[in-house]
Structures are given as structure tokens and as C-alpha cells.
Amino acid sequence: MARFDVVVVGGGPAGSLAARTAAEEGAKVALLERAPLREARCAGLVSLATQERLALPERFVLRRIFGVKVFGPHGPVVELRADRPKAVVVDRTGLDRWLREQAQERGVHLWPLGAQRVGSDFVVCGRERFAFAVLVGADGAQSLVQRSLGLPGPRERLVAAQALTEAELGEEVRIFLGPVPDF
């Protein structure tokens, strides 16, 4: 059985940052990510403050956002625009991989398998069993950690759909409150 101070289940931004921070504080950390090479399932819109706090290299910035158009369910459109960027769209797959690399550079042990079983003091991942003092469940909305330990789930879930499309990208975000035209 491998023993760690901290085991983090889930290698997205929250899990990778938690693992990196724990390692920077001197903890022996394992980060369990079931699909480290998978494309991220997220649009990648982040605030400028997030970009700055992460010290995100410019190569991950795909687009700067200067405005928003909000389409109401019955026709009204509200548009807000600024002279300076208010957010950025980042390469989420690249960001996720970069954050995991940063964690590994600080001594985090990355296991490219997801947790299959979670107990109060162990996690089973593949043929490996990990003992821990601290467990971080950063494994998303369908959290195995939360379900396995009988922890309460979120009070509310927001459901969204995402599709990959070919489109000309502008400098604004479009939000549809209701049916999306021609979708």
C-alpha cells in the first residue's frame, strides 16, 4: 500500500491546484486523474483575475473578451461592451495539462487512472491502494468521493449542453436565455 499525506481525486484545475499547493507546503501528494490526455469539456472562459493568479502563459489565451450579448427568451437583446478586455477564453485542455505538469514539478505523484473505490482512509486506483491522512475530492459533479463517503451533494445542479462547432469567433460572449435560434 502506498502512503501519502494527501490524495487528490480529480486532475482538473481544482484538483491540480490543491495537489500543487499541498506539495509546496511539504506534503507527499498523489494526484489521481483517470484521463490525463482527454480533451477538456469546458468552454474555457475565465476572468482576467484568474489568468493573473495562475500566471497563465500567453500561449493558452485563445481570445480576449470585450463584451457580452444577452438574448432574452422573447427577443430583447442586451449588449455590454468595454474598451479593455474583461475576460479571456483559454485552451482548457492545455491549461489542465499545464497545471498537472506544474504539480508534478513540485513533487506530486500523478497516477493516470481514476479512483475505483474510496474508503475513509484509503483509495483504490487500478491495482494500487493509497492510504492518506487527507483526501481531496475534486472529481466533479458526479463525485465518487462524495458518494462513497456519504457526503451531501450540491443543493442545486445547473445543467448545460456543449457542442463543438466551426464558427467565426468575435470579441464577445453570447448568452441565450431560452431557445437558441437555429439549434
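This is a predicted model: local features need pLDDT of at least 70, side-chain atom pairs count only at pLDDT 80 or more; totals for chains, interfaces and linings use all residues.

1. Residues are numbered from 1 along each chain as its sequence is written, and side-chain values use heavy atoms, with hydrogens and water left out.

2. The largest pocket holds about 1800 Å³ of space. A pocket here is an open set of points on a 1 Å grid over the protein atoms alone, where a 1.4 Å probe fits, with protein on both sides within 12 Å along at least five of seven lines; lining residues have an atom within 4 Å of a point. The volume is the space filled by probe spheres set on the points, which are joined across faces, edges and corners.

3. Ala43, Gln162, Ala163, Thr165 and Leu169 are the closest to the centre of the largest pocket, out of 32 lining residues. By class, that lining has 19 nonpolar, five polar and eight charged residues (Ala, Val, Leu, Ile, Met, Phe, Trp, Tyr, Cys and Pro count as nonpolar; Asp, Glu, Lys and Arg as charged; the others, Gly among them, as polar).

4. β12 gives the most to this lining, with five residues.

5. The second largest pocket has about 1200 Å³ of space. Its lining numbers 37 residues, and Arg38, Arg41, Asp139, Gly140 and Ala141 are the closest to its centre. The classes here are 16 nonpolar, ten polar and eleven charged.

6. For the second largest pocket, α3 gives the most to the lining, with four residues. Helices (H or I, at least four residues) and strands (E, at least two) are DSSP runs, numbered from the N terminus.
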